[in-house]
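Thank you all for coming; I would like to take a few minutes to go through one model with you. Please have a look at it first, and then I will begin with a question.

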Amino acid sequence: MDDSRSTPIRVLIAKPGLDGHDRGAKVLARGLRDEGFEVIYTGLRQTPEMIVDAAEQEDVDVIGMSILSGAHMALLPRVVELSRERGMDDVLIAAGGIIPDADVAKLKAAGIAEVFGPGTSIGQIAGYFREHARRRG
Amino acid sequence: MSDLRELLRGAAAGERLALARLLTAIENDAPGLRDLLPALFAAGKGGHLVGITGPPGGGKSTLVNALTEEWRRRGKRVGIVAVDPSSPYTGGAIMGDRIRMMGHAADQDVFMRSMASRGELGGIAAATWMAAAALDAAGYDPILIETVGAGQSEVEIARLAETTVVVEVPEMGDEVQAIKAGLLEVADLLVVNKGDRPGADLAARHLRAMLSTAGGRVGRKPPPILVTTATSGEGVATLVDAIGAHREDARGTEALHRRAGHQVQRALADLAVRRAAQHPAWDATVQSVADRELDPFTAAQRLLGEEA
């Protein structure tokens, strides 16, 4: 764990949209717990509004979204937009799941910090969050 | 410090992000937090503090969701702190209490915060308490504290709440004797949840019979026992009424004094541990106890600066 950080990083793991497959999200939640993160898991079928409202109340450092349905271009940029509207400018927003390469650049341009495709290890994701999540006093 | 005051002002004015960040400062025991406490407590608006506890899997989260729905119907603004255990090995935690609450996520009159216990001795009770004070300053009423009823710290949180609801399930059966001395003792209201399962009414009858004769509640009458089915909402309105009725009892002179006593005891223990831990001879003194040269009580006296 990063020496400059004395408190655990808080991560919201959410499943936006209508696909009903949350195995990956659950495996990630558990993996991040084992890496020392505090993970708030919100379950299936969330709207961008619900995700951002939960992230605001929980004051998380990271929002991680898993999406397999193909609706990522409709849903993920909206989460960034709502977060910024609420003044959550310093929250790291990342995504994972089945997302075509052609869309990754567009998502990054829309403010998604990173997109983790199939085969990414939990260690890689944990490392990325540790490196890029905001620092707290 | 001025930052924290700014957050408190924002939280009291209804800014949700300010409240969220104030709660983070409380969780992290941020610098300057101690100095904020007088203002934090003075900003309290008198919200009813309700503890919800009971064994894992008893349906607490579902019941909290059902209670929230009923309170919202009655025009109440509901604040919730849900405490989950941290892993003692990695310090991480998974908090899933929101799964059942997401229907309220966008409701501006419901505020829910998940807190990991972070395993620090006594620390969770202190942080939970301050978190409840922050929700009170923000005008939420009632304020629910949901804990996993698995140990001493939960009993402690229950003691600090004004009204403690212990949630059991019909299948508890023979476990009744085992839990009698712990959670049941602190219950102001006992709920047998999953009331649609066979045996729920029988379990309620057993509890009633047992508690009418049980010791450990000197000077207190046995708690009302209610049956709910949180998934369908059955019995939830009655439970809300019972919690409301208990609010009056909880604010009687004697009850207020007893609870304040627990709060001060808690704060004393916290202060004493913090002060002693800064003593330069901490390690050496602890080692003397390990080497059996010193008894723990004398060691504690020395660390507190009392010569013994």
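Which residue in E3(B) does A:Ile40 stand opposite? Before I answer, let me say that what we have here is a predicted model. The residue standing opposite A:Ile40 is B:Met95, in E3(B), and this belongs to a pairing in which strand E2 of chain A, residues 38-41, and E3(B) are joined in the parallel sense over three bridges.

That pairing is part of an open sheet of six strands, whose order is E5(A)-E4(A)-E3(A)-E1(A)-E2(A)-E3(B), with parallel pairing. From one strand to the next, the twist averages 25 degrees.

Let me turn to helix H5 of chain A, residues 122-132, whose buried residues are A:Ile125, A:Ala126 and A:Phe129. These three cover an arc of only 100 degrees around the axis, and therefore lie on the same side of H5(A). An α-helix has 3.6 residues a turn, so residues three or four places apart point the same way. The other side of H5(A) carries exposed residues, namely A:Gly123, A:Gln124, A:Gly127 and A:Glu131. As for what the buried residues of H5(A) pack against, the partners in chain A are strand E1 (10-14), helix H1 (23-34), strand E3 (62-67), strand E4 (92-97) and E5.

Chain B has its own helix H5, residues 123-137, and in that helix we find B:Leu135. Is B:Leu135 buried or exposed? B:Leu135 counts as buried because it has 31 C-beta neighbours inside 10 Å, where 20 or more are required. Leaving aside residues up to four places away in sequence, B:Leu135 touches B:Gly47, B:Gly79, B:Phe111, B:Tyr140 and B:Ile143. The C-alpha atom of B:Leu135 is also separated by 12 Å from that of B:Arg9, although the two residues are 126 apart along the chain.

Finally, the domain assignment of chain B gives domain 1, residues 1-43, and domain 2, residues 44-252. Between them, 13 residues of domain 1 of chain B are in contact with eleven residues of domain 2 of chain B. On the side of domain 1 of chain B that touches domain 2 of chain B, the largest share, six residues, comes from H2(B), and by class that side has ten nonpolar, one polar and two charged residues.

Methods
Residues numbered from 1 in each chain as written. Chains lettered and ligands numbered in written order. Predicted model: local features only at pLDDT ≥ 70, side-chain atom pairs only at ≥ 80, totals over all residues. Helix = DSSP H or I, 4+ residues; strand = E, 2+ residues; numbered from the N terminus. Buried ≥ 20, exposed ≤ 12 C-beta atoms within 10 Å, placed from the backbone. Contact = placed C-beta atoms within 7 Å. Pairing = 2+ DSSP bridges. Axes fitted to C-alpha atoms, helices over the stretch in contact; angles between N-to-C directions. Arc of directions from axis to C-beta. Domains from an automatic or database assignment. Nonpolar A, V, L, I, M, F, W, Y, C, P; charged D, E, K, R; others polar.
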